[in-house]
Every structure is written in structure tokens, then in C-alpha cells.
Amino acid sequence: MNTENIENEPMENEVENAIETEVNGVESAAELSIEEQLQEDLSKEKDKFLRLFAEFENFKKRTAKERIDLYKTANQDVLQAMLPVLDDFDRALIEISKSEDELLLKGVELIHEKLKNTLVAKGLEVVEVRAGDSFNADFAEAITVIPAPTDKLKGKIVDVIEKGYKLGDKIIRFPKVVLGQ
């Protein structure tokens with residue numbers, strides 16, 4: 001029996017070594033699998049964090065831009081309400097200049113300039129459109145079309161009826177023009 005035990009011992013050792021190697025391999029595979037899973041989870045969380053951070057940065061930029069736009073156009077309602085007064089002053093200046101009262105003309109001109117300078121200081125700008133310019137529907141409103149007095153004015157602005165104004169980059173009142181046909 002001793003010889004059997006001696007003969008079986010190497011075999012048992014080989015089996016034990018094989019089992020131990022297999023167990024170590026499974027443990028290593030399990031450790032690798034857990035490590036890989038942790039790496040994958042970490043990668044997903046990093047991706048989520050980066051996306052959330054980018055979204056937050058975009059939100060900050062968007063709200064800052066909206067705040068600046070709001071600040072630029074906060075006076076829009078007041079300025080639009082003042083435009084008819086400015087138009088009345090323009091018409092009054094034309095009529096007063098026809099009279100011979102220089103002091104009255106000078107007084108109205110001073111008040112007109114003060115009003116205009118105040119509105120310009122608040123961001124109001126005149127939309128520059130003149131007779132003879134090409135018509136662009138993005139910057140002017142055609143209220144009527146008349147036969148063109150000359151061939152050069154066909155499809156162009158013949159007369160500006162009412163000035164247009166913009167606040168910053170936004171047109172708050174389009175100029176009203178007459179087109180030549």
C-alpha cells in the first residue's frame with residue numbers, strides 16, 4: 001500500500017496544483033472583472049460629470065447673454081413711446097423754420113437736440129434710409145408704390161415718410177418708405 005500512496009501522491013499533488021491554479025485563475029478573473037467593472041463605472045460617472053459641467057457652462061453663458069440683451073432693450077417700451085414726440089418735434093422744426101421768428105426756431109431746436117441726445121444716450125439710433133437707396137424689406141417697410149419719377153428710381157426708395165429707429169441691433173420701428181415702380 002505504501003507504493004500506491006507514493007504513486008498516488010504525485011498525482012494528488014498535480015490535481016491539487018491544477019485545482020489551485022484553476023481557483024487562482026478564477027479569483028484573478030473575478031478580480032479583473034471587478035476591476036474592469038469599476039473602471040467602466042468610473043468612466044461612465046466621469047462622462048456624466050463632464051456632460052453636466054458642460055451643460056452648466058452653457059446655461060451660465062446663455063443666461064449672461066439674456067441678461068445683457070435684457071439690459072440693452074429694457075428701455076424699449078419707453079423709447080418707443082417717445083418716438084411720436086420726436087416725430088412731432090421734427091415736423092415742428094420744419095414748420096417753424098418757415099416762419100421768420102429766429103428766437104422761436106432757436107429755442108425749439110435746443111429742446112429738440114436735448115431730447116434727441118437723451119434718447120441717443122439711452123441707445124436709440126436712427127435707421128439710415130434715404131431716397132435713391134435700394135429697398136431692403138429687412139430694414140424698411142414699404143407703405144406704397146408709385147410710378148418712378150426716373151428710371152434710376154425703379155425698385156428703389158423714392159421717399160422716406162417716417163424715420164426708423166433701432167435699439168442696439170434690434171429695429172424697434174421700421175422706416176416707412178415709398179417705392180418707385
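Student: Is histidine 112 buried or exposed?
Tutor: Histidine 112 is buried, at a relative accessible area of 5%; buried means under 20% relative accessible area, exposed over 50%, and partly exposed in between, with a 1.4 Å probe and protein chains only. Residues are numbered from 1 along each chain as its sequence is written. The model is predicted, so local features need pLDDT of at least 70 and side-chain atom pairs count only at pLDDT 80 or more, while totals for chains, interfaces and linings use all residues; side-chain values use heavy atoms, with hydrogens and water left out.

Student: Which element holds histidine 112?
Tutor: Histidine 112 belongs to helix H3, residues 102–121. Helices (H or I, at least four residues) and strands (E, at least two) are DSSP runs, numbered from the N terminus.

Student: And what does histidine 112 touch?
Tutor: Leaving aside residues up to four places away in sequence, histidine 112 touches Leu86, Phe89, Asp90 and Leu93. Contact means heavy atoms within 4.5 Å.

Student: Where is confidence highest, and where lowest?
Tutor: Within the protein chain, H3 has the highest confidence, with a mean of 93, and helix H1 (residues 2–73) has the lowest, with a mean of 78. The average pLDDT of the protein chain is 85, and 85% of the residues score at least 70. The pLDDT is the predictor's confidence in each residue, from 0 to 100. Where pLDDT is low, the predicted coordinates should not be read in detail.

Student: How many helices and strands does the protein chain have?
Tutor: The protein chain has 3 helices and 6 strands. Along the sequence, these elements follow the pattern α-α-α-β-β-β-β-β-β.

Student: What about burial and contacts overall?
Tutor: Of the 181 residues in the protein chain, 18% count as buried. Among contacts with a separation of 6 or more, 64% involve residues 24 or more positions apart.

Student: How many bridges join E1 and E4?
Tutor: E1 and E4 pair in the antiparallel sense over 4 bridges. Leucine 124 has leucine 167 of E4 as its bridge partner. Leucine 167 also stands opposite lysine 170 in E5.

Student: And E4 with E5?
Tutor: Strand E4 (residues 164–167) runs antiparallel to E5 and is joined to E5 by 3 bridges. Tyrosine 165 has arginine 173 of E5 as its bridge partner.

Student: Which residue takes a positive phi in the hairpin of E4 and E5?
Tutor: Glycine 168 does, with a phi near 70°, in a hairpin that has 2 residues between the strands.

Student: What is the order in the sheet with mixed pairing?
Tutor: That open sheet of 3 strands has the order E2-E6-E3. E2 and E3 are the edge strands, each with a single partner strand, so one side of each has no neighbour in the sheet. On average, neighbouring strands of this sheet are turned by 25° against each other, direction ignored.

Student: Which way do E3 and E6 run?
Tutor: E3 and strand E6 (residues 176–180) run antiparallel and are joined by 4 bridges. The bridge partner of isoleucine 157 is leucine 179 in E6.

Student: Last topic: where does proline 149 lie?
Tutor: Proline 149 is in the loop between strand E2 (141–146) and E3. Proline 149 is exposed, at a relative accessible area of 57%. The C-alpha atoms of proline 149 and glycine 180 are separated by 7.5 Å, although these residues are 31 residues apart along the chain.

Key. Pairing = 2+ DSSP bridges. Axes fitted to C-alpha atoms, helices over the stretch in contact; angles between N-to-C directions.
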